[in-house]
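Dear colleague,

I am passing on a structure for you to look through, and my notes on what was found in it follow below. Please read them with the coordinates open.

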Amino acid sequence: MAIDPYYPPFEYLDENGKIVGFDVDLLNAIDEKEGFKPDYQANEILNIVPSVQEGKDDLGASSIFILPERQEVVDYSESYFELPLAFLGLEAEGRPQSINDITGKTIAVQKNIVMETIVDEEYVPKGNEKHGVKSNFLAFQNVIQGHSDVMIDNVVALQGFLPKAEGKEIYTLQLPKEKNLQLGYVVQKGNTELLNKLNSGLKKVKEDGTYDKIYDKWFGKDSQYPIVNMTVNANAQ
């Protein structure tokens with residue numbers, strides 16, 4: 001099973017070098033229901049879908065967005081997580097009151113990911129200037145250092161950046177709900193046996209409350225990544 005252990009809290013290495021996180025807990029819970037024996041092997045995120053496609057790995061699990069172009073080469077499980085997107089900026093530069101207030105701002109975004117497509121298709125035509133960078137952390141640094149007005153990413157990634165704000169006050173502005181991304185596990189095309197086990201197990205852990213307990217552990221109000229508390233409710237158009 002291919003997994004990139006550098007996306008906390010979905011997956012990361014603990015102090016003993018063991019891969020842990022939300023995905024690991026969820027897949028272990030699914031395994032208890034269906035018995036597919038996950039064996040976690042570290043791999044880079046960009047290599048996971050090709051590795052599964054070629055049959056080198058049976059399953060890919062690393063906060064993988066469900067995208068139409070990927071569905072052409074691998075099969076996805078049912079969505080197991082809905083991930084909101086948000087802009088992040090400095091309070092000192094003024095807090096937008098709605099998504100419309102982003103118009104005209106410079107936007108830092110990691111290259112070659114779905115968020116860049118959103119910027120290209122929806123914001124550049126409105127006059128926003130895009131600052132494409134190699135990583136989301138570089139996008140964050142662009143904002144902190146004043147090179148870009150805002151950055152865009154998923155709320156979990158943004159939550160992880162807040163402690164690195166160098167004492168500066170940060171705001172986040174969540175995009176409308178229809179922009180939320182769905183996450184799924186990937187298997188090789190035609191591997192219906194494993195796909196059925198994933199979907200069946202996922203349904204069972206949602207029905208018996210196991211999923212909610214795992215979610216609260218990693219994303220609840222008392223966790224390090226409390227999704228419910230981190231974003232500004234400013235979706236008004």
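E166 lies in the loop between α6 and β13, and, in what is a predicted model, its phi is near 55 degrees, a positive value in a residue other than glycine. Most residues other than glycine have a negative phi, and most peptide bonds are trans. E166 counts as exposed, because its relative accessibility of 59% is over the 50% cut-off.

K37 is found in the loop that runs between α1 (22–34) and β5 (41–42), and with a relative accessible area of 66% K37 is exposed.

The backbone also holds a cis peptide bond, the one from P8 to P9, with omega near 0 degrees; P9 itself lies in the loop between β2 (6–7) and β3 (11–13).

Turning to the domains, the assignment for the chain gives domain 1 as 2–81 + 181–219 and domain 2 as 85–179, and the C-alpha centres of domain 1 and domain 2 lie 27 Å apart. Where the two meet, seven residues of domain 1 are in contact with five residues of domain 2, and the area buried between domain 1 and domain 2 is about 470 Å², with carbon and sulfur atoms giving 82% of that area. On the side of domain 1 that touches domain 2, the residues divide into seven nonpolar, no polar and no charged. Between domain 1 and domain 2 the count of salt bridges is zero, while one residue pair in polar contact is found across their interface, both residues being at pLDDT 80 or more.

Lastly, which residues of helix α5 are buried? In α5, which covers residues 136–144, the buried residues are A139, F140, N142, V143 and I144. An α-helix has 3.6 residues a turn, so residues three or four places apart point the same way. The buried residues of α5 pack against the strands β9 (85–90), β10 (107–110), β11 (130–133), β12 (150–154) and β13 (170–174), and also against helix α6 (155–161). Just after α5 comes G146, which takes a positive phi of about 85 degrees.

Technical notes. Residues are numbered from 1 along each chain as its sequence is written. This is a predicted model: local features need pLDDT of at least 70, side-chain atom pairs count only at pLDDT 80 or more; totals for chains, interfaces and linings use all residues. Side-chain values use heavy atoms; hydrogens and water are left out. Buried means under 20% relative accessible area, exposed over 50%, partly exposed in between (1.4 Å probe, protein chains only). Helices (H or I, at least four residues) and strands (E, at least two) are DSSP runs, numbered from the N terminus. Contact means heavy atoms within 4.5 Å. Domain bounds come from an automatic or database domain assignment. Buried area is the accessible area (1.4 Å probe) that two parts lose on being put together, summed over both. A salt bridge is a side-chain nitrogen of Lys or Arg within 4 Å of a carboxyl oxygen of Asp or Glu. A polar contact is a pair of N or O atoms within 3.5 Å; within protein, one must be able to donate a hydrogen and the other to accept it, and residues adjacent in sequence count only if both atoms are side-chain atoms. Ala, Val, Leu, Ile, Met, Phe, Trp, Tyr, Cys and Pro count as nonpolar, Asp, Glu, Lys and Arg as charged, and the others, Gly among them, as polar.
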